[in-house]
Amino acid sequence: MVAVDPMKEQRIVITGSSRGLGLALADEFLSRGCAVAVSGSSQASTEAAVRALKEKYPSARIEGIACDVRRLEEVERLWERARQLFGGVDHWINNAGVGQAMLPIWEIESEEMENITRTDILGVLYGARVAMRGMAEQGAGFIWFMEGHGSDGRIMKGLSVYGTAKRALRYLAAALAVEARGTGVAVGTLSPGIMITEFTMGRIDRSDAAVWQRTKRIFNILADKPETVASFLVPRILASHANGKHIAWLTGRKILVRFLAAPLLKRRVIEE
Ligand SMILES: NC(=O)c1ccc[n+]([C@@H]2O[C@H](COP(=O)([O-])OP(=O)(O)OC[C@H]3O[C@@H](n4cnc5c(N)ncnc54)[C@H](OP(=O)(O)O)[C@@H]3O)[C@@H](O)[C@H]2O)c1
């Protein structure tokens, strides 16, 4: 059991929340009366997200704190600013992440490899370190990790570097959950399935008509808008009180049902 009082306003930090799932999570937390620190890798992306959220929730506690997770000092600053502004942090969500070009390992540019490693592994380790130190001092809090392809060990051609990072993240979450015992801090993992965000759509090759048609068909069956996934994850995050919690949106059962129902439902998340 963890010593966060669910009756109090929950104070949330989300890395990589300037767009995509992070922004949708911020929106959902705000709609439920939480205080949220929104964070993109740059000042400009952070401010743009904060502006949009403030228009929607004018009286909410929304703070923009830019943080490039590849830099430890910026992650430390994110914690410290949020702690000062909110008086503490109840949920820290390690969401920031980058994907990869769909290529085999030996064709990936070394700069891209380095960026994925620094963002998706080192950035998450920094988040774990910083949030764990701060929350252990508070004697309470939740640290969440955003899983992705590879977390469960499945292999897909062209996603090996990203998959390596997301596989490591599941180990890290499990290890931290053990190390956190007795501190009042809980650790959990979030599995968001497949979403229509810049992360996925920005990388799809539409120049090959056959590949695009195949991708579109699969996405129309399995993918969701980030808002849909956020509305599933957030209430479960807020209701969580155990260490080692795993919250998954696109379960094996849901995948089966989606494929079976596909001919009848003709779901459309991508139109053209
Ligand atoms: N989309 C999917 O289908 C999918 C599936 C499974 C898991 N996920 C995971 O879900 C998370 C969010 O994905 P998404 O689809 O929402 O991606 P997205 O739309 O590309 O958004 C990525 C977010 O991460 C931030 N970011 C990137 N590099 C950063 C850095 N070095 N420091 C701080 N922030 C950084 C971006 O901020 P700036 O724009 O300010 O740089 C942006 O806010 C990722 O961890 C991803 O691996 C996504």
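Contact here means heavy atoms within 4.5 Å. The model is predicted: local features need pLDDT of at least 70, side-chain atom pairs count only at pLDDT 80 or more, and totals for chains, interfaces and linings use all residues. Residues are numbered from 1 along each chain as its sequence is written, and side-chain values use heavy atoms, with hydrogens and water left out.

View 1. Helices (H or I, at least four residues) and strands (E, at least two) are DSSP runs, numbered from the N terminus. Valine 229 has a relative accessible area of 0%, so it counts as buried (under 20%; exposed is over 50%, partly exposed in between; 1.4 Å probe, protein chains only). Neighbours within four places in sequence aside, valine 229 contacts Leu21, Pro192, Met195, Asp224 and Trp249. Histidine 246 is 17 residues from valine 229 in sequence, and their C-alpha atoms are 15 Å apart.

**View 2. The aromatic pair of phenylalanine 232 and tryptophan 249.** Four aromatic pairs occur in the structure. Rings of Phe, Tyr and Trp (its six-membered ring) pair if their centres lie within 6.5 Å; planes under 30 degrees apart are stacked, over 60 edge-to-face, the rest tilted. Here the centres are 5.0 Å apart and the planes stand at 65°, so the pair is edge-to-face. Phenylalanine 232 belongs to helix α8 (226-238), tryptophan 249 to the loop between β9 (245-248) and α9 (252-265); the pair therefore ties together parts 17 residues apart in sequence. Both phenylalanine 232 and tryptophan 249 are buried.

**View 3. Charges over rings at phenylalanine 232 and tryptophan 212.** A charge sits over a ring if NZ of Lys or CZ of Arg is within 6 Å of the ring centre and within 35 degrees of the ring normal. Lysine 254 places its charged end over phenylalanine 232, 5.0 Å from the ring centre.

**View 4. An open sheet of seven strands.** The order is β3-β2-β1-β4-β5-β6-β9, with parallel pairing (strands pair if DSSP finds at least two bridges between them). β3 (62-64) and β9 are the edges; each has a single partner strand, so one side of each lacks a neighbour in the sheet. Neighbouring strands are turned by 20° on average, direction ignored. Axes are lines fitted to C-alpha atoms, for helices over the stretch in contact; angles run from 0 to 180 degrees between N-to-C directions.

**View 5. The pairing of β5 and β6.** Strands β5 (141-146) and β6 (185-191) run parallel over six bridges. Phenylalanine 145 has threonine 189 in β6 as its bridge partner.
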